[in-house]
Amino acid sequence: SDGLGLLLLAREAARAGPAATARSHPTMQILHETTLWALLDRAVGTVRTVRLFEALQIHPSLLRPRSDTVSRVELAQALNMLLFEDVTRRVPMALAYVGDAVRAGRKLVFDHGALRTVAADCGALPAGCEAFRRILEPLGFEVRGVYPLDRLGMTGRAFAHRDLPDHVAQFFVSELHPERFGADFQAAVQRTVGGSRDPLPLLAKALLCDLEQRGELPFAAAVQLLPNLVGCFDRQHGEPTWADYQTMLRESAEMAWIATEGNAFNHATDRVTDVHTVAAEQRRLGRPMKDVVEVSASGRVRQTAFRAAMVERLFVGDGGALVAATVPGSFHEFITRDEEAPGVLDLRFDSGNATAIFGMTSQLPQPATAGG
């Protein structure tokens with residue numbers, strides 16, 4: 001662990017050059033001696049920790065010397081890094097893009113991750129965004145904006161971190177409102193998500209209460225809680241039936257996506273200097289990009305994305321046999337944010353932009369086949 005941490009530090013020093021290294025040396029914190037590194041190293045191992053630090057830009061205030069406690073912002077950052085990694089694992093274009101950046105010595109600025117929920121009876125899982133509010137608020141996040149997505153029958157909420165809003169990735173949590181759709185659709189939704197499980201064990205809920213009150217946890221408790229938090233960003237219900245999936249798909253591609261992907265990150269987003277330049281370069285490389293860049297009403301927020309990865313999922317077919325079909329999965333997004341005032345980055349979202357970006361997962365599934 002120490003050797004890999006020092007190797008990563010040496011790589012960063014080489015990229016910065018001798019003069020920059022000398023200037024920063026008095027305040028440079030060796031990465032493997034930080035609490036954030038130790039938390040990730042204990043949770044997922046050294047190799048994955050090295051890769052995460054190589055890929056993502058980390059604000060210096062998050063690189064606190066190794067401590068017996070983990071602050072809420074350090075735990076939030078660790079969670080974000082693992083969720084970002086999960087998108088690269090599930091989205092080949094994201095993995096290719098991150099690989100290009102690492103080879104070029106450029107670190108990604110993780111701007112936000114997005115996930116979808118259902119504002120309805122979800123069994124043991126709290127309905128809608130409440131399933132994630134109970135996690136995000138103890139970690140130090142708060143709702144900074146509510147965004148109606150009326151064309152999609154959804155509402156989005158942006159959770160920003162109280163301690164480091166510019167430097168800890170936001171969560172864009174959307175919830176779908178089944179009552180805005182037809183009766184057959186609502187019944188299919190209830191059959192699909194009505195028996196969802198709650199991924200948080202009682203101990204994790206107790207630790208979240210402790211974290212909310214104290215703003216930190218003992219190191220061992222944080223190590224125990226982190227994988228429980230990651231596990232919330234997954235599908236908590238069983239395989240949908242193929243018939244229900246088709247019923248939901250006819251009225252809402254977003255609900256059909258939730259049926260197969262659940263509460264996984266729908267996308268993770270790299271904050272870039274010029275989204276138009278990035279999009280042009282990715283098209284030159286032959287990667288499947290959105291046709292246009294979305295621009296917010298203010299003109300200060302510009303977004304585009306890769307098209308969603310297509311993934312194989314199982315469904316319950318006629319007679320209870322499993323069938324497989326290829327359906328839209330997650331994707332990787334790019335965003336450019338301008339300042340709304342000198343030194344103040346515009347961290348807001350835009351309903352029009354979000355609605356258009358959601359279209360990345362609207363591809364039609366490929367026909368189902370007999371499965372095992």
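Colleague: Which side chain does the side chain of Glu-294 make a polar contact with?
Modeller: The side chain of Lys-290, at 2.4 Å. A polar contact is a pair of N or O atoms within 3.5 Å; within protein, one must be able to donate a hydrogen and the other to accept it, and residues adjacent in sequence count only if both atoms are side-chain atoms. Keep in mind that this is a predicted model: local features need pLDDT of at least 70, side-chain atom pairs count only at pLDDT 80 or more, and totals for chains, interfaces and linings use all residues. Residues are numbered from 1 along each chain as its sequence is written, and side-chain values use heavy atoms, with hydrogens and water left out.

Colleague: Is Glu-294 buried or exposed?
Modeller: Buried, because its relative accessibility is 16%. Buried means under 20% relative accessible area, exposed over 50%, partly exposed in between (1.4 Å probe, protein chains only).

Colleague: What else is Glu-294 in contact with, beyond four places in sequence?
Modeller: Val-301, Arg-302, Gln-303, Asn-353 and Ala-356. Contact means heavy atoms within 4.5 Å.

Colleague: New topic. Which residues touch the most other members in the largest nonpolar core?
Modeller: Leu-75 and Phe-171, out of 107 residues. Such a core is a set of buried Ala, Val, Leu, Ile, Met, Phe, Trp, Tyr and Cys residues joined through side-chain atoms within 4.5 Å.

Colleague: And what does Leu-75 touch?
Modeller: Leaving out residues up to four places away in sequence, its partners include Leu-39, Val-70, Leu-139 and Leu-211. Another core lies apart, with 5 residues, among them Phe-331 and Met-360.
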